[in-house]
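The entries below follow the order in which I went through the questions.

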Amino acid sequence: MTAEHHNVVIIGAGFGGIGTSIKLAEDGVEHVILEKADDVGGTWLANQYPGCRCDVPSHLYSFSFALNPDWSDSYSLQPEIWRYLRRVAEEHRVVERVRFGCKVDAARWDDDAKQWRIETSQGTLTTNVLIAAHGFLSEPSVPHFEGIESFAGQVMHSAQWDPSYDVTGKRVGIIGTGASAVQIVPEVHKQATALSVFQRTAAWILPHRGRTIHAWERRLYRNVPATQRFVRGFHYWSSEFIAVPALMDPQRGKLLKKMARKHLEDQVPDPELRKRLTPAFTPGCKRLTPSNEYLPAIASPTTELVTSGIAKVVPDGIVTNDGVLHELDVIILATGFRVTDNSFPELITGKDGRTMRAVWDSADGMGAYNGTTFAGFPNLFMLAGPNTGIGHTSLVYMIEAQLPYVRDALRLMSERNIAAVEVRPDVQAAYNEHLQRRLGPTVWNTGGCKSWYLDKQGRNTTIWPDYTFKFARRLKRFDLESYYQQLQAPEPAAQLAAI
Ligand code: NAP
């Protein structure tokens, strides 16, 4: 018997946890948020590397119920997004419900008590319902390079950037050319003496359309909120109807390639360097990375694009497969995140005593129903769960689309005296078969790249392969008929009355 029990426990105080907490509070549902960091913000707290910004338009990358008329840039930088989240969390009194510095070590379903038992760095607690809002890009992928322990300088992952570290006058090595590196490279290039970019796979770079939002526009959004809603709607619908068809059918994506090639030709005069910067895969297979500063920084005389592959790390720098030593003071790992193989599912133990990892390993890998619930794991809801990822629009939209589903489930459980809901395995299997069929011909699966969207078996367990409004429509109501239900045991007094 533990002292502390909650109706709902939420793991994580990023966009998912904050949004859920606001909506549960509106419904009068008692809950607490467990957050391992010492502040709210999730990914927007962790990622503080120079140049970190969102490549989704600011007006779209926010809660629909908490629009921010004061965005200063059409594509916001990390500090502004974090300040927005912090303000929203304060205004809605979410911060008061967060237990900071509280790391979840394990969560186990107790089928007798119909509760989750959670072990944390601050003790044990139990809850009727567990909502995992830990985020799928929260666990840095730190590849092991031979000799990395011997490196005399500093090694930093992009998502664990030490803001007090100054690269001015340093010889900097950046490993990786994904979305994070494309943002870091131009900023570091401005300050470093020399920059070596270790590229394994070139990235398609598109022109960036970012601009400062004028004071008069901000005034307009503040005074006439409908104008901001219009701009938000424009961004949402244009990316749905332009990007989704191109991603679903790579034949239609030729325009993207043309744009990216022209951008490369405009920005990199050297044909030999252009060749090394031209990817072999179809644009969209990996996340599209817009930047107007990345390619000029790579083409700069103080930058070296290294494509010969990393052999080992030595105290003075990185030795590549051609035997060359690249002398460095700092190595930045822009090597991405563990997504399909992260450790979270190892912490979660379901009804039959198996962890979520064991269940996934014995099946086809990661999988959920509606990206939210899991057969064998009653009363567990995940925000931004399997196959909820998107590359063309705002993940906040997907998270918000899940909230009515979770709220409706909690309402039905309360009204109908249901102690536990668990999605039926046949329903989950049929859902995933449908998703995989749709994913088959898409650019993520057929574009000829290796990305974090695919697991080791090449199965796409991360992307939602359709218009996002269809996802929102699916999750408008909780389909109780797809779930096993266990009713609350009657109260002892009620039992007596019945005799
Ligand atoms: P990423 O896209 O997974 O890129 C990781 C990079 O590291 C790739 O270039 C990869 O090369 C390289 N790499 C990994 N292991 C390596 C190794 N052992 N040796 C050499 N190179 C290695 O990671 P990310 O750039 O952090 O981006 C992850 C996701 O975060 C994005 O897709 C996006 O969803 C999100 N993000 C979003 C924004 C935004 O603006 N909204 C900004 C940053 C990040 P290969 O390509 O050869 O594997």
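**Ground rules.** I am reading a predicted model, in which local features need pLDDT of at least 70, side-chain atom pairs count only at pLDDT 80 or more, and totals for chains, interfaces and linings use all residues. Residues are numbered from 1 along each chain as its sequence is written, and side-chain values use heavy atoms, with hydrogens and water left out.

**The ligand.** I asked first how many residues surround the ligand. I found 23, the closest being Asp-55, Ser-180, Thr-201, Lys-286 and Trp-452; a residue is near a molecule if one of its heavy atoms lies within 4 Å of it. By type, this shell divides into ten nonpolar, eight polar and five charged residues, where Ala, Val, Leu, Ile, Met, Phe, Trp, Tyr, Cys and Pro count as nonpolar, Asp, Glu, Lys and Arg as charged, and the others, Gly among them, as polar. Helix α4 (residues 179-191) gives the largest share of the shell, three residues; helices (H or I, at least four residues) and strands (E, at least two) are DSSP runs numbered from the N terminus.

I then looked up polar contacts, meaning pairs of N or O atoms within 3.5 Å; within protein, one must be able to donate a hydrogen and the other to accept it, and residues adjacent in sequence count only if both atoms are side-chain atoms. An oxygen atom of the ligand lies 2.5 Å from an N or O atom in the side chain of Lys-286, and a ligand oxygen is 2.9 Å from a polar backbone atom of Thr-177. A nitrogen atom of the ligand is 3.5 Å from an N or O atom in the side chain of Arg-287. The ligand taken alone exposes 920 Å², of which the protein buries 84%, with areas from the Shrake-Rupley method and a 1.4 Å probe, where for residues only the protein chains shown count as cover.

**Helix α1.** Is helix α1 mostly covered or mostly uncovered? I noted that ten of its twelve residues are buried, that is, under 20% relative accessible area, with exposed being over 50% and partly exposed in between (1.4 Å probe, protein chains only). Among the buried ones are Phe-15, Ile-18, Ile-22 and Leu-24. The elements that the buried residues pack against include β1 (5-11), α3 (78-91) and α12 (395-415). Glu-26, also in helix α1, counts as partly exposed because its relative accessibility is 49%.

**Asparagines in loops.** Which loop holds Asn-379? I placed Asn-379 between α11 (356-362) and β18 (380-382), and it counts as buried because its relative accessibility is 1%. A polar atom of its side chain lies 3.0 Å from the backbone oxygen of Asn-128. Its phi is positive, near 55 degrees, although Asn-379 is a residue other than glycine. Most residues other than glycine have a negative phi. Asn-370, in the loop between α11 and β18, has a positive phi of about 55 degrees and is buried, with a relative accessible area of 0%.

Asn-417, in the loop between α12 and β19 (418-423), is partly exposed at 47%. Leaving aside neighbours within four places in sequence, Asn-417 is in contact (heavy atoms within 4.5 Å) with Leu-412, Leu-487 and Gln-488.
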